[in-house]
Number of protein chains: 2
Amino acid sequence: MSSSAATVALNARDLLARRAAETPGVISFAGGLPDPALFPKRQLTRAFVSALQSNAAAALQYGWPEGSLELRQWIAGELCSRGAKVSAERIIITSGAQQAIQIAVASISDHARIAVEAESYPGALEIFRAAQAQLVPLTDQAGLYYAMPSVSNPRGSRMPDPERRALLARASVSKGFVIEDDAYDGTCFSGARHRPLLAEAPERVFHVGTFSKTLCPGLRIGWLVPPPRFAKRALRNKQASDLQANGLAQALVLEYLRSGHFPKLQKRARAHYRRKLERLLEAVRRELPQLRFDEPIGGFSLWLESEQEAEDTELLEAAMQQGASFDLGRQFRLGRARNLCIRLCFSAVPADDIEVGVSRIARALRQVHPPARPSR
Amino acid sequence: MSSSAATVALNARDLLARRAAETPGVISFAGGLPDPALFPKRQLTRAFVSALQSNAAAALQYGWPEGSLELRQWIAGELCSRGAKVSAERIIITSGAQQAIQIAVASISDHARIAVEAESYPGALEIFRAAQAQLVPLTDQAGLYYAMPSVSNPRGSRMPDPERRALLARASVSKGFVIEDDAYDGTCFSGARHRPLLAEAPERVFHVGTFSKTLCPGLRIGWLVPPPRFAKRALRNKQASDLQANGLAQALVLEYLRSGHFPKLQKRARAHYRRKLERLLEAVRRELPQLRFDEPIGGFSLWLESEQEAEDTELLEAAMQQGASFDLGRQFRLGRARNLCIRLCFSAVPADDIEVGVSRIARALRQVHPPARPSR
């Protein structure tokens with residue numbers, strides 16, 4: 001993130017994150033950022049020139065709240081190829097996935113109880129809390145369920161088929177709805193493209209996607225596929241929120257997609273991120289053997305847990321003194337986590353910094369929790 | 001607006017507007033759009049290249065929710081030069097003025113009663129209605145007041161000083177807040193730059209601005225200056241809404257402002273829009289003498305009223321058959337207007353179409369309301 005000293009910190013966590021981002025020399029595993037080395041600057045410049053030449057008005061003038069028809073057609077094509085029968089008319093272009101989640105929640109009248117995975121994307125939890133929802137485990141009955149079935153954040157895991165079926169069955173019994181946050185689907189290392197929940201229950205699923213993880217987050221282009229009977233309400237909420245998604249960014253993404261470079265970029269990105277993950281796994285196995293993890297199938301991060309009870313903020317303070325930072329596990333959880341858990345994002349860390357960064361965190365952990373002396 | 005057949009119409013009004021926009025040959029006075037002829041395409045292309053060369057990460061990566069510090073500094077400088085003491089830290093870059101209004105409303109707990117001008121920007125009314133507020137006249141007591149004191153929409157008028165003082169006094173007595181929607185300030189034909197309400201009551205005013213009317217709406221770059229004690233809440237609402245404003249558009253606007261071309265563009269735009277208004281006024285005086293209006297001091301539109309009771313939708317249907325469209329007056333009003341009122345936006349109509357468009361509307365009006373035969 002670009003640095004910005006003159007600002008209001010939202011809370012202590014935010015303050016720590018900003019301090020870490022603004023301290024030179026800190027190796028940051030925080031933030032879920034794509035690697036800027038992958039941003040296709042030259043092709044985006046070509047796309048910009050082409051968008052302004054071919055239809056400057058579409059890029060720079062006001063547009064309709066649902067967004068560019070051509071872009072929606074492309075997204076519909078992608079979803080169809082993954083098994084969901086979706087026409088372009090059903091898609092609303094949003095200002096990123098965050099806004100798509102926000103609009104979904106605002107469109108559903110019964111969100112008093114929202115069921116979420118054991119660990120969830122903090123931006124979604126923030127929306128749910130602002131809506132004064134009671135947050136319960138995903139296995140409970142609720143009016144609204146939020147999950148990342150394809151590739152989860154922070155774990156980078158795929159929801160097993162029996163759990164997917166059980167989730168949809170539960171939603172059906174409770175006459176509830178599901179927000180399927182598909183933000184990380186395109187990051188699966190194997191290149192696998194998962195059948196979305198949307199394909200099984202289009203009348204019950206609000207499907208959320210984005211170009212933030214696969215192209216550039218600064219463009220703020222995401223999408224929402226609401227169930228057909230929510231189409232008007234969702235569109236009205238989109239319009240009330242900010243009239244329309246950025247026209248320039250929509251035109252730019254569309255021209256970029258037309259250039260045919262996107263599949264190549266995705267392939268390159270998958271290999272790139274997988275290499276970084278492998279270096280991280282190796283370093284973590286060596287330096288942090290006391291922390292448990294499951295190997296991610298995609299995504300940008302590794303979720304680490306300890307058996308020990310510990311203050312993650314204390315560890316972060318110590319890590320920052322050593323010159324490394326990470327995301328506090330508690331942000332991803334419903335209640336206060338008792339055991340220590342942290343998220344390490346490998347995506348934007350320069351590959352050669354990964355080992356050094358992990359050693360710094362390991363040093364910090366030894367400071368905060370000196371290993372028990374072996375008993376004789 | 002770019003055409004888009006495959007979509008969901010929000011309501012009958014929306015359907016009419018879309019039909020008008022999509023019917024070739026229709027001269028459209030609808031929409032409050034800036035003239036695309038003024039979009040500085042070449043300079044924006046230079047700004048794009050420069051933004052990507054100098055700091056691609058700032059343009060394409062995630063950023064902080066409050067937005068670019070440099071852009072906020074520029075906006076602070078503008079506000080200071082107009083008499084409001086505002087530091088960059090107090091400004092939040094938003095996805096257009098619409099989102100700034102939305103965030104202001106979400107940040108104020110008491111918005112059960114919102115006081116508005118006799119005619120108001122429909123996008124704001126939509127937000128207030130969605131928040132289930134009771135809408136009352138601006139002269140009533142309320143928890144929240146919404147006004148466009150510099151240049152109003154749809155009338156293009158400036159609020160007289162006694163009314164400004166009375167508004168602030170009322171807000172102070174009711175311990176309420178004021179949303180000052182300054183979207184059109186930069187369009188004042190005289191080039192006058194008004195002292196904002198923010199300058200008088202920074203602890204009570206949520207100041208809203210945008211580049212949509214003076215640069216390009218497709219960039220979706222606006223701003224909000226909340227009262228200091230709402231700083232955190234507003235920033236949290238911004239983050240929950242869509243994380244951050246479009247980074248690319250922020251970088252582009254910043255580079256464009258740095259190029260020094262903005263004052264020249266504004267000067268050219270003022271003269272350009274004034275010429276269009278003059279042609280419109282002349283045509284309206286000649287062709288629609290039965291409609292009353294006040295001459296605007298700025299803005300993009302002329303507000304026309306008749307003494308007659310009439311169905312504005314009926315007139316719009318007839319006008320569209322004649323090949324012209326406009327904005328229904330009822331969208332701007334609290335209750336159902338009894339007398340006929342319409343908004344004619346001159347900003348984006350090609351200058352040579354203005355007379356023809358007005359004749360078409362006049363023909364439609366004669367169809368819908370044949371003039372009474374003079375009594376002997």
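## Basis of the model

Local features of this predicted model need pLDDT of at least 70, side-chain atom pairs count only at pLDDT 80 or more, and totals for chains, interfaces and linings use all residues. Residues are numbered from 1 along each chain as its sequence is written, chains are lettered from A and ligands numbered from 1 in the order in which they are written, and side-chain values use heavy atoms, with hydrogens and water left out.

## The seven-stranded sheet of chain A

Chain A contains an open sheet of 7 strands with mixed pairing, in the order β2-β8-β7-β6-β5-β3-β4. The edge positions belong to β2 (92-94) and β4 (134-137) of chain A; each has a single partner strand, so one side of each is left without a neighbour in the sheet. On average, neighbouring strands of this sheet are turned by 25 degrees against each other, direction ignored. Strands and helices are DSSP runs numbered from the N terminus (strands E, at least two residues; helices H or I, at least four), and two strands pair if DSSP finds at least two bridges between them.

Within the sheet, β7 (residues 205-210) and β8 (residues 222-225) of chain A pair in the antiparallel sense over 4 bridges. A:Thr210 has A:Gly222 in β8(A) as its bridge partner. Helix α6 (residues 161-173) of chain A lies across β5 (144-147), β6 (177-181) and β7 of chain A, and runs at about 160 degrees to β5(A). Axes are lines fitted to C-alpha atoms, for helices over the stretch in contact, and angles run from 0 to 180 degrees between N-to-C directions. Contact means heavy atoms within 4.5 Å.

## A helix pair between the chains

Two packed helices are described by the angle between their axes and the distance between the axes. Helix α8 (residues 231-242) of chain A packs with helix α4 (residues 96-107) of chain B at an angle of about 95 degrees, the axes being 5 Å apart. α8(A) and α4(B) are therefore roughly perpendicular to each other (angles of 65 to 115 degrees count as such, under 35 as roughly parallel, over 145 as roughly antiparallel and the rest as oblique).

From α8(A), A:Gln239, A:Ala240, A:Ser241 and A:Asp242 meet B:Gln98, B:Gln99 and B:Gln102 of α4(B). By class, this contact of α8(A) with α4(B) has 1 nonpolar, 5 polar and 1 charged residues. Ala, Val, Leu, Ile, Met, Phe, Trp, Tyr, Cys and Pro count as nonpolar, Asp, Glu, Lys and Arg as charged, and the others, Gly among them, as polar.

## A loop residue of chain A

A:Ala118 lies in the loop between β3 (113-116) and α5 (122-130) of chain A. With 56% relative accessibility, A:Ala118 counts as exposed (over 50% relative accessible area; buried is under 20% and partly exposed in between, with a 1.4 Å probe and protein chains only). Not counting residues up to four places away in sequence, A:Ala118 touches A:Phe332 and A:Arg333.

## Strand pairing in chain B

In chain B, β3 (residues 113-116) and β4 (residues 134-137) run parallel and are joined by 4 bridges, with B:Pro137 as the bridge partner of B:Val116. β3(B) is also joined by 3 bridges to the parallel strand β5 (residues 144-147) of chain B, where B:Ile114 stands opposite B:Leu144.

An open sheet of 3 strands in chain B has antiparallel pairing and the order β9-β12-β11. Between β11(B) and β12 (residues 339-345) of chain B there are 2 bridges, and B:Leu328 stands opposite B:Ile342 in β12(B). Helix α11 (residues 312-322) of chain B lies across β11 and β12 of chain B, at about 45 degrees to β12(B).
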